[in-house]
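Reader: I'd like to learn how to read aromatic ring pairs in a model. Could you walk me through them?

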Amino acid sequence: MERLDKIISTGGGVSRSDARKLILKGKASVNGETIRDIAFKVEPKTDEICLFGEAINYKKHLYLIMNKPKGVLTATEDKNKQTVIDLIPDELRRRDLFPVGRLDKDTTGLLIITNDGDFAHKLLSPNNKIPKKYFVTLDGDVGEELIPKFKEGLTLADGTELSSATLEILKDKHTAFVTITEGKYHQIKRMFGIFDLGVNELKRVSFAGLELPEALLEGEVRELTVNELECINNAKIMTK
Ligand code: URA
């Protein structure tokens with residue numbers, strides 16, 4: 001059972017104090033009956049909870065997938081710049097959502113957004129070695145000799161030792177797929193920087209075994225399907 005003010009706040013996309021005010025004003029109902037008790041206990045799975053007469057779509061945890069566009073910050077809020085949270089449509093927007101990990105402002109591609117802290121923690125823990133695959137466009141040709149170096153584990157300019165990574169060079173030699181299992185600051189850019197190669201474009205094409213769906217255009221966000229969520233959860237188990 002959960003408190004009514006919590007459900008109204010989370011499901012209705014309003015702050016906890018606004019939720020309380022709305023309940024006290026008689027704007028909330030449970031199974032057709034107006035409830036003015038903010039601490040009233042409800043069962044979100046079975047009770048019909050309404051705000052302004054409209055049923056609240058309450059799910060304890062929400063799992064979203066975004067195709068992040070360029071120029072948007074991977075942050076929950078920023079005074080001046082647009083964030084990935086700003087791109088979430090109203091019907092999916094909740095106050096407790098946060099991005100799982102970080103993509104640079106100029107990086108595009110697959111980003112998971114959730115309010116499930118345990119889920120995020122498992123995906124981000126380096127011990128779980130969750131694979132993240134990127135499509136990289138470089139400002140020069142990549143030599144085959146880099147493949148074993150990436151595999152052995154690179155050492156960044158500041159001495160940070162990285163885990164094994166997979167480099168797959170494409171025919172044109174200046175584009176490649178790179179798969180890493182960590183998420184150090186500017187990691188891919190710094191990995192190629194060791195070899196004096198600059199990254200012109202970076203796009204995350206897969207995360208935890210889940211590929212960026214082709215139909216999800218840049219800037220779009222939707223809920224993960226049950227199958228997609230299962231795919232991510234299975235990836236965690238396989239890589240442990
Ligand atoms: N590596 C980077 O350099 N940038 C990203 O956004 C992700 C990985």
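Predicted model: local features only at pLDDT ≥ 70, side-chain atom pairs only at ≥ 80, totals over all residues.

Reader: What describes a pair of aromatic rings?

Author: The general idea is that the distance of the centres and the angle of the planes describe such a pair. A search of the whole structure turns up 4 aromatic pairs. Take Tyr63 and Phe119: with ring centres 4.8 Å apart and planes at 70°, the pair is edge-to-face, because the angle is over 60 degrees.

Reader: Where in the chain do Tyr63 and Phe119 lie?

Author: Tyr63 belongs to strand S7 (residues 63-68) and Phe119 to helix H3 (residues 117-124), so the pair ties together parts 56 residues apart in sequence. Tyr63 counts as buried because its relative accessibility is 15%, and Phe119 counts as buried at 5%.

Reader: And how are the rings of Phe150 and Phe195 arranged?

Author: That aromatic pair is stacked, at 6.2 Å centre to centre and 25° between the planes. The pair links distant parts of the chain, 45 residues apart: Phe150 sits in helix H4 (residues 146-152), while Phe195 is in the loop between helix H5 (187-193) and strand S13 (199-207).

Reader: Are Phe150 and Phe195 buried or partly exposed?

Author: One of each! Phe150 has 1% relative accessibility and counts as buried, whereas Phe195, at 23%, counts as partly exposed.

Reader: Which charged end sits over the ring of Phe177?

Author: That of Lys133, 4.7 Å from the centre of the Phe177 ring.

Key:
Residues numbered from 1 in each chain as written. Heavy atoms only, no water. Phe/Tyr/Trp six-rings, centres within 6.5 Å; stacked < 30°, edge-to-face > 60°. Helix = DSSP H or I, 4+ residues; strand = E, 2+ residues; numbered from the N terminus. Buried < 20%, exposed > 50% of the residue type's maximum accessible area, 1.4 Å probe, protein only. Lys NZ or Arg CZ within 6 Å of the ring centre and 35° of its normal.
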